[in-house]
Amino acid sequence: MNLSPMRYRSYTWPHNPRVYSIDYHRTLAVHKLPFGLYQLQDLGRTNRVMKGEGEFVGEGAYGQFGQLANTFYLEGPGLLVHPLWQASNAYFVSLRLEQEPRPDYVRYSFEFWEENDLRGGIATRTTEHPSGGTASTPAAGAQARWHTVAKGDTLWALAQRYGLSLHQLVALNPQLKNPNLIRVGEEVRVG
């Protein structure tokens, strides 16, 4: 089986890494109910983590690793194209030299995290207050809507109110460290 080479941004591997894996994760919340019962809430999938190991062999092996390291230093996400994985925007999270390099042999490992940026840009910040009034503040990018949390609000209720799934609402609000805990006065993006 002849596979196309792996690519990230403008870097193309001379031959595919020897080992790779991909991790898929889903976040669940446990809600305690009376009488020792509980209910699970699916908060959706999280980013895919793509890892691998490889080696550069032959004359110029250390130079090839240097080119890969220069690609690692570039900031922000880039397009990751792999012969077996779905192509995606990803952050180059880690690059590790696994042994003392030799001119003709370098063993390394790497890790990429898939980006799933649903936030986009923000052109207008519209805050809905419990009284029903709104306030707008200009910014750069696309339009976003915000809700100021009032007493009794829950993310589930806000998702229903604004026609979103709970997963979509959580994805729009990466600033929320615990989606089960929102505080009065906190701003939640709803669109």
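1. Overall make-up. The protein is a predicted model of 191 residues, of which 34% count as buried, and its secondary structure comes to three helices and 13 strands. When contacts with a separation of 6 or more are considered, 56% of them are accounted for by residues 24 or more positions apart. The accessible surface comes to about 11,800 Å², and 52% of that surface belongs to carbon and sulfur atoms.

2. A search of the whole structure returns 12 aromatic pairs. One of them, formed by Phe56 and Tyr108, is stacked, with 4.7 Å from centre to centre and 15 degrees between the planes. The pair links distant parts of the chain, since Phe56 belongs to strand β6 (residues 49-57) and Tyr108 to strand β9 (residues 105-114), 52 residues apart.

3. The edge-to-face pair. Why is the pair of Phe72 and Phe92 edge-to-face? The ring centres of Phe72 and Phe92 are 5.1 Å apart and their planes stand at 90 degrees, so the pair is edge-to-face, given that planes over 60 degrees apart count as such. Because Phe72 lies in helix α1 (residues 61-72) and Phe92 in strand β8 (residues 88-97), the pair ties together parts that are 20 residues apart in sequence. With a relative accessible area of 26%, Phe72 is partly exposed, whereas Phe92 is buried at 9%.

4. The aromatic cluster. Both pairs described above fall within one aromatic cluster, whose members are Tyr8, Tyr11, Trp13, Phe56, Tyr62, Phe65, Phe72, Tyr73, Phe92, Tyr108, Phe110 and Phe112.

5. The largest nonpolar core. This core has 17 residues, and the ones that touch the most other members are Trp13, Phe56, Leu68, Leu80, Tyr108 and Phe112. Two or more residues are given to the core by each of β6, α1, β8 and β9, and the largest share, four residues, comes from β9. Trp13 deserves a separate remark: leaving aside its neighbours within four places in sequence, Trp13 is in contact with Pro5, Met6, Arg7, Tyr8, Phe56, Leu68, Tyr108 and Phe112.

6. Beyond its neighbours within four places in sequence, Gln64 is in contact with Tyr11, Pro14 and Phe56. Ala69 is also found in helix α1, and at 14% relative accessibility Ala69 counts as buried. The C-alpha atoms of Ala69 and Arg96 are separated by 9.3 Å, although the two residues are 27 residues apart along the chain.

7. The nonpolar surface patch. Which residues make the nonpolar surface patch of about 430 Å²? Leu28, Val30, Tyr38 and Leu40 make it, and at least two residues of the patch are supplied by each of β4 (26-32) and β5 (38-45). Val30 lies in strand β4, and with 54% relative accessibility Val30 counts as exposed, because exposed means over 50%.

8. Where is the place of Glu186? Glu186 sits in the loop between α3 (166-172) and β13 (187-189), and at 25% relative accessibility Glu186 counts as partly exposed. Glu186 and Val149 are 37 residues apart in sequence, while the distance from C-alpha to C-alpha is 5.4 Å. Once its neighbours within four places in sequence are left aside, Glu186 is in contact with His147, Thr148, Val149, Leu176 and Leu181.

Conventions. Residues numbered from 1 in each chain as written. Predicted model: local features only at pLDDT ≥ 70, side-chain atom pairs only at ≥ 80, totals over all residues. Heavy atoms only, no water. Phe/Tyr/Trp six-rings, centres within 6.5 Å; stacked < 30°, edge-to-face > 60°. Buried < 20%, exposed > 50% of the residue type's maximum accessible area, 1.4 Å probe, protein only. Patch = residues over 30% accessible without salt bridge, like charges linked within 9 Å, V, L, I, M, F, W, Y side chains within 5 Å. Areas by Shrake-Rupley, 256 points an atom, 1.4 Å probe, with all protein chains shown as cover. Salt bridge = Lys/Arg side-chain N within 4 Å of Asp/Glu carboxyl O. Contact = heavy atoms within 4.5 Å. Core = buried A, V, L, I, M, F, W, Y, C linked by side-chain atoms within 4.5 Å.
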